[in-house]
Structures are given as C-alpha cells and as structure tokens.
Amino acid sequence: MSRQSIRVWYLVHKWTSLVCTAFLLMLCVTGLPLIFHDEIDALTEDQSAMETAGPASSGEGPGLQPLDAMLGKALAARPGEVPVFMAFDNESPILTVTTAPRPDSPAADMTIQLFNRTTGAAVGQVRDEGVMHFILQLHTDMFLGLPGMLFLGAMGVLFLAAIVSGVVLYAPFMRKLPFGTLRVSRSRRLKWLDYHNLLGIVALAWMTVVGATGVINALATPIIQVWQMGELAEMTRAYAGREALPPSRYGSLDKAMAAARQAIPGNNPQFIAFPGGSFSSRHHYAVFFQGATPLTERALTPALIDAETGALTDVRPMPWYVLALTYSQPLHFGDYGGLPLKMLWAALTLFTIVVLGSGLYLWLGKRRSSLDARLREVESGGRLAPAE
Amino acid sequence: MKGKLPMMAIFAVPTALAALSLVGLVSALTGDGLRDAISWATLAMPLAAVFWAMRARRS
C-alpha cells in the first residue's frame, strides 16, 4: 500500500472514530445490561403472570375465551379508549391488549393490560418504567425520539466506516508482526496499540454485525412507514380515500381471526394491529402470523381483514426491508441463543469498550505529533513511535 | 521477523475468526439445541484467540 493511501485511510479511521467514540461508549455501556434484560426483569419484577400454565393464547380451541370477550374487558377498564394492539403468547395463556386515547396516539400514551385467556381474568399491566426502561430509551434514542434514533444510526454508520478503515490499516501495521503480537513490556503506548489491533481484528465480524444491525434498528420507524405507504396501501387499494372506520363499527375479532387463520393455515398469530395504527390501514384488522419453523417464526405475514365485515382483503408476506429489520433485532441484542450466547455477547461488548478506550488513549497520547510521524508508526508496526 | 508477510498470511487468522463468528451468529437464529451450541463454540473463538495471544505472543 502506498504512503498516500495509508494517509487517506489513517485520516478516515481517525475522524470517523473520533466523532462516534463517545456515543459508542455510551451504547456499549447501556447495551451490556440490555443483553441480560430478561434475566434482570425476572429478578426485579413479579413474573407470576407470565408463568401461568395452560394452553397458549396464540392457539385456538377449547379452554380459550373468545377474543371479543377479552377485548371487551380491556376496553371496559379503559373507558373512552380505542384498541391499538392485541398480542399473543406461544407458551402461556397470557395475552396483552394495548389501548390508547386515539388509534395513532404516541407510545407514551398507550396502556398495556395483561389477561389470562383461559380464565378471562385481568392479570395486571405492563409498565414501561424502571431502570431497564430508562437504559433502553437511552440506548435507542437518548430520549429524543425519532431524531435521536436517526442520530445514533448515523453514529453507527461512522462506526462501520471506522471498522473498515481499521481493517485496511491493520495490513501495513502487521506486515512484519505475527498474528496476536502483544508487546506489553516495552511502552504503554505499544501495549495498547497491540491490544487495540488484536481485539479489533478478532471481534471484527461481530462488531460489524452488531453495528450494521444497530443502524437498521435505528431506521425502524421509516422502514415501517415505507411498508405502510407502499405495500400496505397496495394491499388495501380498494379502501383508498375512505374515511377511517369508527371503533363503534368494528366487527367481531373472532370472526376476523377465523378468516385470517383460514388464509394462513398452520401458523399462529403474534399480534393483531387495529385500524388506524402504524401497522394497519384505517379499515382493517391486520393479523400478523409467525412462521412455523425456528428460522421463520420471526418472519411475519399479515392477513388484512375488513374490520367491519370480517372478510379477508389480502395476505402478503412482509417485504425484504421489513425482514431485514426483523432479523436485525436478535442479531443486535444477542438474546436469541441462550445464556452462554449472552455471556459471549457481553465479553465481545467489553472487547469493543477496550478498542474504543484504547483508540482514544492512542489519539490523546500523541495528538501533537505530525501526521507523517503517526503514519510511520502504522507502517513500522509500532516500532517507530511518533515523537512529541 | 525478517521479510514482509504476504497479505494472505496477515489476514489468514482474522478471516477464519470472522467466518466462524458469522456461522455462529446465524446458527443460533435457525434453531435451538445443537445450533445454539455451535454458536457458543464459534463465537468463543475470538475470546480464545485473545487468551492464546496473551499466553503465547506476549513479549
């Protein structure tokens, strides 16, 4: 590699890293507890409701109460509100009903009630508060809503550019060094330079995947909006231009669910989106079905049912860009392969923290030395350290 | 080391680690049991490489 191209890649690595490092350190520190979200919740919250035994609320058949009855109870507890979502469980008879003052109310105004579908009893509310919720919000948007999400997504793009440029610089640096070289006894700078390189290169694929899926997750809102304005609008073209269906004219949920099940046999519903919300049209119950295999259970297929008549309007699998978002979530949070995977996720997050911290240290240490001196350091594999 | 290492030698271990990591990241998504175990084994390799370097390549 020529001196000129090393210079360009060095400057790309330096500036992309410097701009995103502080935010990435925050994301790593808040991401660590989020990996163990389920375990921490189990310790701090009353889990008795979620551990209720019985037939899965996503199923059908004897022993499960009608959906209309469950919705009726939820609305009776929140007079004046409208339904937004009803979500099901594959392991317990618990289902959740989300209500809000309006179909398009912001998430903060929504109420999530839990019901046992075998007994019909209310078993509490989901409360979006507490320290884990605070950490998740900080991690997702820094309490700034969509602009915060998009900003952190942009920091993720810089992180990816820093990874690519870092890998390019790894080549000239390691030209005369065997893999894994750790010169810990010469100088503190050399020690951290070697750790920065080693930890960065061994965790390269993991950091790239977590970074890229983080960027995709940051785009969740626009991705769903594109689906709603594109595919969903196409699926419900016959309803374009109609007034929103008032909740008083919503028809039977059980009838709608039966029509949806007939359209997608053999799968279980994950949730129903009610008319007017961000996952449906203004006239439809959108019943989202999960695939039946471990790989496809995350890939959702919506069946759109006319909310007034209960007749099927259309069924179409989610497009690729929504699937990319769906599969980005587990790949970003690391919560899909049991506790050992979570612990590896945490260890690799710690590696990332060390790479970020050592990068900052290396920059601060020789900030005043010339660019040429720092390029010599890269080209010589750290043998020629930049002078003050 | 005397001469310069060829690009292949510089990136041999990093490429292998990256490939194993990607196998592990996808494996646990496709099922449970053995597929989870494969993801644990492959994603432990970056950690193993660092432990190895701290023992064998520390100077």
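Tutor: Contact here means heavy atoms within 4.5 Å. Helices (H or I, at least four residues) and strands (E, at least two) are DSSP runs, numbered from the N terminus. This is a predicted model, in which local features need pLDDT of at least 70 and side-chain atom pairs count only at pLDDT 80 or more, while totals for chains, interfaces and linings use all residues. Residues are numbered from 1 along each chain as its sequence is written, chains are lettered from A and ligands numbered from 1 in the order in which they are written, and side-chain values use heavy atoms, with hydrogens and water left out.

In chain A, 8 strands make up an open sheet with antiparallel pairing, ordered β4-β3-β2-β1-β5-β6-β7-β8. Two strands count as paired if DSSP finds at least two bridges between them. β4 (122–126) and β8 (312–315) of chain A are the edge strands; each has a single partner, so one side of each is left without a neighbour in the sheet. From one strand to the next, the twist averages 20°. For such angles, axes are lines fitted to C-alpha atoms (for helices over the stretch in contact), and values run from 0 to 180 degrees between N-to-C directions.

Strand β3 (residues 111–116) of chain A pairs with β4(A) over 3 bridges, in the antiparallel sense. A:F115 faces A:A122 of β4(A) across this pairing. The hairpin of β3(A) and β4(A) has 5 residues between its strands, and A:G120 takes a positive phi near 80° there.

Further along, β1 (residues 82–87) and β2 (residues 94–100) of chain A are joined by 5 bridges, again antiparallel. Here A:V82 stands opposite A:A100 in β2(A).

Helix α9 (residues 253–263) of chain A lies across β1, β5 (269–273), β6, β7 and β8 of chain A, at about 50° to β6(A). Helix α8 (residues 220–235) of chain A lies across β6 (284–289), β7 (301–306) and β8 of chain A, at about 55° to β7(A).
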